[in-house]
Amino acid sequence: MITLYGIHPVLETLKKRPRAVKSIHLARQGSDKSLTQISELALQYGITVRSSTQQELIQLSGSPQHQGIAAEAEPFPLSDIDDVITRVRRRQQRCFVLVLDCVQDPQNTGSLIRSAVCCGVQAVIFPKNRAAGLTAAVAKASAGAIEHISLCRVVNIAATLDGLRKENIWVAGTVPGQGQSIYDFDLDIDLALVIGSEGKGMRRLVQKKCDVVLNVPMPGEFESLNASTAGAVVMFEALRQRTTT
């Protein structure tokens, strides 16, 4: 079980996986539209709602950022990337997946997932080890967007990239100051975008598996963006290219 906290993560889980929610703990009341939706969905699906104090919610969620609500729920479901690709191609769509190479900060992971959902990315791939897990903190940082995308946990990122390339999906890595500008490269293709870890970036072996290395041009004083911001910039440029007629 996982203890979700925050209004949006709890609400989105109720919308997408109501049967996965076992109980809800509330320390706030009011006419907030989202709270009303949560109460209505809980009543609809027979989910127990308990009254809790602020301190009890901190102890339950492990965070003071609970916004007065927490929920006990089943873990986030995982998908197989091959199944995702098959589904996308049946719909005659272009593949667009995000690959997180050892991104370890839950805030970055959640923010990247949120941007991915906004940009129409179909799946997020991340390694089993040396990465932020699918925790309540990640769900909170994603504002519940984690419920709206396929999540693929793999043992070996490099081997997974080989598999994507065999499916004729271009693998594009991001490295500050190296390779081509994202504004000069055609992103309107079957694409797997790789974002490296905080500080160290992509691992050397992972970078070798990339078909192309891209950068975000930055004429200012700083030479790099953090992982979540860099990923968002590239994903939104890909979205722009894919929707420009």
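Q: Why is Asp162 called partly exposed?
A: In this predicted model, Asp162 has a relative accessible area of 27%, and since buried means under 20% and exposed over 50%, Asp162 is therefore classed as partly exposed.

Q: What makes Asp162 and Lys209 a salt bridge?
A: Their closest N and O atoms are 3.1 Å apart, and because the cut-off is 4 Å, the pair counts as a salt bridge. Asp162 belongs to helix H7, while Lys209 sits in the loop between helix H8 and strand E11, 47 residues apart.

Q: Why is the aromatic pair of Trp170 and Phe185 called tilted?
A: The ring centres are 6.0 Å apart, with 55° between the planes; pairing needs centres within 6.5 Å, and planes under 30 degrees apart would be stacked and over 60 edge-to-face, so the remaining range is tilted. Trp170 lies in strand E8 and Phe185 in the loop between strands E9 and E10, so the pair ties together parts that are 15 residues apart in sequence.

Q: Is Phe185 buried or exposed, and how do you know?
A: Phe185 has 12% relative accessibility, and because buried means under 20%, Phe185 counts as buried. Trp170, at 40%, is partly exposed.

Q: How do you know that Lys22 and Glu74 meet in a salt bridge?
A: The N to O distance is 3.2 Å, which is within the 4 Å limit, so the two side chains qualify. Lys22 lies in strand E2 and Glu74 in the loop between strand E4 and helix H4, so the pair ties together parts that are 52 residues apart in sequence.

Notes. Residues numbered from 1 in each chain as written. Predicted model: local features only at pLDDT ≥ 70, side-chain atom pairs only at ≥ 80, totals over all residues. Heavy atoms only, no water. Helix = DSSP H or I, 4+ residues; strand = E, 2+ residues; numbered from the N terminus. Buried < 20%, exposed > 50% of the residue type's maximum accessible area, 1.4 Å probe, protein only.
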